[in-house]
Amino acid sequence: MLLKYTESGFLCISPEDDCKAIVDAMLKTDYSEEFCISNVFEADFIAKLMEAGFLVMSIGLEKKTENPVYLLLPKLHLVRSALFFDNLHVKKSIRRLLNRYELRADAEFERIVDRCVEKHGTDWLTPPLVDCIKQIRIKNKAQTESLLPASFAYPASFGLYRDGCLVAGEFGVVCGNVYTSYSGYFDEDNAGTVQIILAARYLEEHGFSFFDLGMPLEYKKTLGAVDISPLRFVQLFRRGNAVKRINKFK
């Protein structure tokens, strides 16, 4: 496979490329960047990137013009934050709050995505990327009844409710036995932390291997997440996908 680079040294990916082979090349060549680049926003292509282990981001160039230009930024973190369920840590101050809330898996997906965009802006959740994520979900929704391990990329969500009102949420992508968090928000204190804790418990109970939290941040470490290398992440990610594929044919 011929690798293509920009003048500044970023790997270019196209729909005709083998995305998993690109990941192997990045690991083998000690690629020093987290991002690759593409200018193709197609749902099937983005799903392939997700299934290869990329967290797919994007960026807008010249957004204030009538014809903004967007770039796709498939990301393979140089350091990945992973929450293994045995390591989940719940502070006493948070534990007493858990029963106040109800977690609903895969509820109000579009509303939660739109609230994340509203809360955090379109710096990386650009309109064409959000549109493709929604398309992938619509296409693959018929293949799954709920938020469970899947042998394909499935955008999903968690909603946290108090007294029937949505107070926090996040969306991410299921691939194999791994759920990767993309973005989240909360509307009241501690609701975001409660949502992550209850989501982690849900994932463990429903056969997921770990909770992929993406970029390392201090609050993730306080919940028990650990930093892992790109190689280790890819090994675990592919193991989770392989297990799901084997189970599918039993």
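**View 1. Ser58 and its polar partners.** In this predicted model, a polar atom of the Ser58 side chain sits 2.6 Å from the backbone oxygen of Trp124. The Ser58 side chain also makes a polar contact with the side chain of Thr126, again at 2.6 Å. Ser58 belongs to strand β3. Its relative accessibility is 2%, so Ser58 counts as buried. Beyond four places in sequence, Ser58 touches Phe41, Leu71, Leu72, Leu73, Asp123, Trp124, Thr126 and Leu129.

**View 2. Phe41 in the loop between α1 and α2.** Phe41 is partly exposed, at 21% relative accessibility. Pro15 lies 26 residues from Phe41 in sequence, with the two C-alpha atoms 9.5 Å apart.

**View 3. A nonpolar surface patch.** Ile59, Leu61 and Val69 make up this patch. Together they present about 200 Å² of accessible area. Leu61 is in strand β3, which spans residues 55–61. Leu61 has a relative accessible area of 35% and is partly exposed.

**View 4. The Glu34–Lys75 salt bridge.** The closest N and O atoms of Glu34 and Lys75 are 3.8 Å apart. This pair links distant parts of the chain, 41 residues apart. Glu34 is in the loop between α1 and α2, and Lys75 is in strand β4 (residues 69–75). Glu34 is partly exposed at 23% relative accessibility, whereas Lys75 is buried at 7%.

View 5. Lys119 lies in helix α4 (residues 109–120) and Asp187 in the loop between β9 and α6, so the pair ties together parts 68 residues apart in sequence. Both are partly exposed: Lys119 at 42% relative accessible area, Asp187 at 40%. Arg115 and Glu118 join Lys119 and Asp187 in a network of salt bridges. The structure holds 17 salt bridges.

**View 6. The Arg162–Asp163 salt bridge.** The closest N and O atoms of this pair are 3.8 Å apart. Asp163 is exposed, at 69% relative accessibility. Arg162 is partly exposed, at 32%.

**View 7. Model confidence along the chain.** The protein chain averages a pLDDT of 92, and 95% of the residues score at least 70. Among its elements, helix α2 (residues 43–51) has the highest mean pLDDT, 98. Helix α8 (residues 230–248) has the lowest, 77. Over residues 245–250, pLDDT stays under 50. The model has 3 contacts beyond four places in sequence for that stretch.

How values were computed:
Residues are numbered from 1 along each chain as its sequence is written. This is a predicted model: local features need pLDDT of at least 70, side-chain atom pairs count only at pLDDT 80 or more; totals for chains, interfaces and linings use all residues. Side-chain values use heavy atoms; hydrogens and water are left out. Patches are made of residues with over 30% relative accessible area and no salt bridge: like charges are joined within 9 Å, nonpolar side chains (Val, Leu, Ile, Met, Phe, Trp, Tyr) within 5 Å. Accessible areas come from the Shrake-Rupley method with a 1.4 Å probe; for residues, only the protein chains shown count as cover. A salt bridge is a side-chain nitrogen of Lys or Arg within 4 Å of a carboxyl oxygen of Asp or Glu. Helices (H or I, at least four residues) and strands (E, at least two) are DSSP runs, numbered from the N terminus. Buried means under 20% relative accessible area, exposed over 50%, partly exposed in between (1.4 Å probe, protein chains only). A polar contact is a pair of N or O atoms within 3.5 Å; within protein, one must be able to donate a hydrogen and the other to accept it, and residues adjacent in sequence count only if both atoms are side-chain atoms. Contact means heavy atoms within 4.5 Å. pLDDT is the predictor's confidence in each residue, from 0 to 100.
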